[in-house]
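Please work through each task before reading its solution.

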Protein chains: 2
Amino acid sequence: MKEANDFLQINLLGDKEQALRLNRIYNGMRAAGIEAAIVHSNSNIYYLTGRVFRGYLFLSLTLSAPIYFVRQPSTLRSRAGETVYRIRKPEEIAGHLCADNISTANVALELNTTSYTETMRIAHALGMEFPQYDISGVLRAARSVKTPAELHMLEISGEKQTLVYERIPHLYQEGMSDIEFQIEIERASRLEGCLGLFRIGGQEMELFMGNVLTGENADTPSPYDFAMGGAGADPSLPVGANGTIIRPGYPVMVDVNGNYTGYMTDMTRCFYSGELKEEAQKANSLSSEICDSLSAMMVPGAKASDLYMQALKMAEEAGMADFFMGHRSHAGFVGHGLGIEINEAPVIAPRSKDILSEGNVIALEPKFVIPGIGAVGIENTYIVESNGGRCITNAPSRPMQLD
Amino acid sequence: MKEANDFLQINLLGDKEQALRLNRIYNGMRAAGIEAAIVHSNSNIYYLTGRVFRGYLFLSLTLSAPIYFVRQPSTLRSRAGETVYRIRKPEEIAGHLCADNISTANVALELNTTSYTETMRIAHALGMEFPQYDISGVLRAARSVKTPAELHMLEISGEKQTLVYERIPHLYQEGMSDIEFQIEIERASRLEGCLGLFRIGGQEMELFMGNVLTGENADTPSPYDFAMGGAGADPSLPVGANGTIIRPGYPVMVDVNGNYTGYMTDMTRCFYSGELKEEAQKANSLSSEICDSLSAMMVPGAKASDLYMQALKMAEEAGMADFFMGHRSHAGFVGHGLGIEINEAPVIAPRSKDILSEGNVIALEPKFVIPGIGAVGIENTYIVESNGGRCITNAPSRPMQLD
């Protein structure tokens, strides 16, 4: 049994790793003219401490370390050199900072992710009538370039997700619906250590454990900004599997949760029983070729928009543009950054201004929805290195036959 | 195979049911001095249309029906009498309203759930410098009193969740960890139709499919405002099962997702192998007695705070106050409203100002964490009716022996 009664270090990362991440943020703050910030979303607290807790980190260019304000749990403790205040509400932050002679003027807040009510509450607690500075963009940019420790966690997730995907053919039984098949994949993922939670930035997108699509359902547009749609099992969650029976010859596209470490990889593969329709085989090969072409282009300094245009060009040359990233409804991107959340920077889209950097982690998912056939394509997660993208989701890219 | 190519009615509820819900909101708006509002969170769009889509509903006391602004999916269509505008961004809303001679002054927004950035974007799009009115409280109050159609969906969820709980003893195998046991319960829930998604209002609380607690792990405080804690499997999601092996005689508390219809019920039961420790049996009986006592008090007009005080009094009289709602860390409530989200009004807490109304749906979860024993107690979901709470999660309340 694990020890439950230990008090816990507030910073699980260690000083060196935390400093790496803080320095990225500090550089961004300097460039944006931000002197101090308060960070409190779960994803960003996790980024800066290696654990989720309820509270606030006060960051300042004039301090060497964050000041921690903890609401819950009560079991967090500080080590030498760390300042931790236990608070019950954000209104207590200003008093502590004032007593330490730290200015709360012009503190930047997480405006993209904090509700208006909560934002105003924190702003007022700090003596600001309205928030003047937004730390969201700085955090997003910092998080888009992963540290070696983060890359290691992503590699572990990629290895575990690959193991699960290689096991998927054995999970199928004839006559299964897409939902039944997905449930067995969910179970296999969880038994391999998948944490289940699928973290999505923002409030608009919702998904349970991923998306399994087969048949005509693949062509049902969804309200969410995922690459693929599907009607879902219920109008309260209109995305993904809808109970369609898996038929011989038709592809089943599996895109399920790769969160094994707090950092998520993203992988899609197609499966089939019987003999896969030729159109599906061709489209899967094209998807794989696009991944290879784009990953070779994934060098530091590359334009994200150039990658998208290359993918579109290859789809057009193959006569598949009408089916690229959907058919009745088209997703506006072919890839996305990921890590703690599934929708990080950079975005591989036609109007993206993002420039790739070494240490970006990007999922490429050139997919096709072919009427009468279904959804076809692969997705891999790559680390941007000096000579191109290195794949960390290394299951075979060909469609896999179900046992 | 389900038909994917149909266009979809934007309002799945039907006019009569939608009018019931709208009238509750209009009454709240009148009381709050709000003339018009824009609703766009997934939960509230689902409440007002019976489906989730990406877009906005414009509500006004001067209009008989909402005006719909749809971003995605493109497949939504209007029926006679419905006004639907297809838009790409919120900036297009004002133009349509202006053309229809509808004022956009003083429109209330969902300030409790919309990010600061998005709030300001919508406010500016409507010509407001800052939002002046908040519709969040009106929506929360309206949603806390369920319509007969909503109660029916909750009853279905309760029936399905009960079926799954009765099956739980058969899912156990000797030597299982809490996580392994939970995975089998997740699978059984999903096969019975559980949608998986666990909707929580706000941005602070995160949970996958629920919480399975055994042994000392039950006494590990969590950062989240759930009734119970647990260390979880990873510091990125510090709640619930942590790999503790289930031991004979010790309770396993199971509190997993009851979202079978878009409306969630909430139920907790304890399970054990071998012979359950006497302290656990007694605590479970006390929990069950508290539920019975409080549900009898659950009449329209009852004070939520009185229910909490009664639960605390019963815990005190039994000498169990130190273990009530936690031991090292205590939750500040014994029950909560629920429906589309797990944390709706009313809240059964000592300082709650909530007064119960007929049609409230409330989960009561008087639980105990006993050092050396673990977490013990039950949870049921009740509908507030004229003569008290009617339970809709009717699995046996006694601890159930694992096969």
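**Exercise 1.** State how much area is buried between chain B and chain A, and what share carbon and sulfur atoms give.

*Solution.* Buried area is the accessible area (1.4 Å probe) that two parts lose on being put together, summed over both. Between chain B and chain A of this predicted model, the value is about 6200 Å², and carbon and sulfur atoms give 53% of it. Contact (heavy atoms within 4.5 Å) involves 71 residues from chain A and 69 residues from chain B. Local features require pLDDT of at least 70, side-chain atom pairs count only at pLDDT 80 or more, and totals for chains, interfaces and linings use all residues; side-chain values use heavy atoms, without hydrogens and water. Residues are numbered from 1 along each chain as its sequence is written, while chains are lettered from A and ligands numbered from 1 in the order in which they are written.

**Exercise 2.** How many salt bridges cross the interface of chain B and chain A?

*Solution.* A salt bridge places a side-chain nitrogen of Lys or Arg within 4 Å of a carboxyl oxygen of Asp or Glu. The rule finds ten across this interface. One of them joins A:Arg187 and B:Glu184, at 2.9 Å from N to O.

**Exercise 3.** Determine whether B:Arg143 and B:Glu341 are buried or exposed.

*Solution.* Buried means under 20% relative accessible area, exposed over 50%, and partly exposed in between (1.4 Å probe, protein chains only). B:Arg143 has 7% relative accessibility and therefore counts as buried. B:Glu341, at 15%, is likewise buried. These two residues form a salt bridge, with their closest N and O atoms 2.9 Å apart.
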